[in-house]
Amino acid sequence: MDGWMAGKVAAVSAGAAVGMAWAVRGRSSSVFAPSVWRGPPGRKSIALTFDDGPSESTARVLDVLAQYAVPATFFQCGANVERLPAVARAVAQAGHEIGNHSHAHPLYCLHSPRAIREDLERAQETIQAATGARPVWFRAPFGVRWFGVRLAQRRLGLGGVMWTVIGYDWSLKAEQVAGRIAGRVSNGAIVCLHDGRELRVRPEIGVTVEAVRRVIPEFLERGYKFETVSRLLCPKS
Ligand SMILES: [Zn+2]
């Protein structure tokens, strides 16, 4: 192969890799499974979502939400629900929506379609047993969709939900997280934060709590209404 040809092949395979990465992780990609990444723009409503709970720290987020009487959606991991069923239940009893965020928070691209289906089913059963609520929304761990997710979602009646804005609350400072969100939210936005850190026990979520404390009053001031994912996406239901 001459240099020109080698360069062209490298460019094509780099392009294919980028395309594949988008297909797997892109917030608006529905290549591996259908999902939404924002609500309708016609209403001044937004949805706060929290992944990776329940955790020993979830109550801190619930306190802030209760202070402003703001509903949210919690994408719980089945393994965390097994560890802390009372916390999972407290989230549901506070009026928040519960979604499925897998059982063991795996990277689905390392697993077979069958393992993916079993993981999702196990989470679904565990969450329902603890909270009484059967999730209708699924957020993929790490945002990674893969072969098998589409069928598993369909079998369990789960709609995929990505995000409009992700807070990077596991790595940034609270003011940076709040700033990212404040600058990127518009009508119908779905905001992704975390009340846990994957399956970690007693995770430190001070950044998340502080960011939520900053953004809620700001958005209320700007005239936004907070809604669960179901209400945001299906306002008539
Ligand atoms: Zn997660």
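**View 1. A nonpolar surface patch formed by Leu 107, Leu 110 and Phe 142.** In this predicted model, the three side chains make a patch of about 270 Å². Patches consist of residues with over 30% relative accessible area and no salt bridge, with nonpolar side chains (Val, Leu, Ile, Met, Phe, Trp, Tyr) joined within 5 Å and like charges within 9 Å. A salt bridge is a side-chain nitrogen of Lys or Arg within 4 Å of a carboxyl oxygen of Asp or Glu. Accessible areas come from the Shrake-Rupley method with a 1.4 Å probe, and for residues only the protein chains shown count as cover. Leu 107 is found in the loop between S4 and H5; helices (H or I, at least four residues) and strands (E, at least two) are DSSP runs numbered from the N terminus. Because its relative accessible area is 33%, Leu 107 is partly exposed (buried means under 20%, exposed over 50%, partly exposed in between).

View 2. Asp 52 lies in strand S2 (residues 45–53) and His 101 in the loop between strand S4 (97–100) and helix H5 (113–131), so the pair ties together parts that are 49 residues apart in sequence. Both Asp 52 and His 101 are buried.

**View 3. Gln 153 in helix H6 (residues 149–156).** Gln 153 counts as buried because its relative accessibility is 3%. Leaving aside neighbours within four places in sequence, the contacts of Gln 153 (heavy atoms within 4.5 Å) include Ala 33, Pro 34 and Phe 138.

Residues are numbered from 1 along each chain as its sequence is written, and side-chain values use heavy atoms, with hydrogens and water left out. Local features need pLDDT of at least 70 and side-chain atom pairs count only at pLDDT 80 or more, whereas totals for chains, interfaces and linings use all residues.

Methods
Buried means under 20% relative accessible area, exposed over 50%, partly exposed in between (1.4 Å probe, protein chains only).
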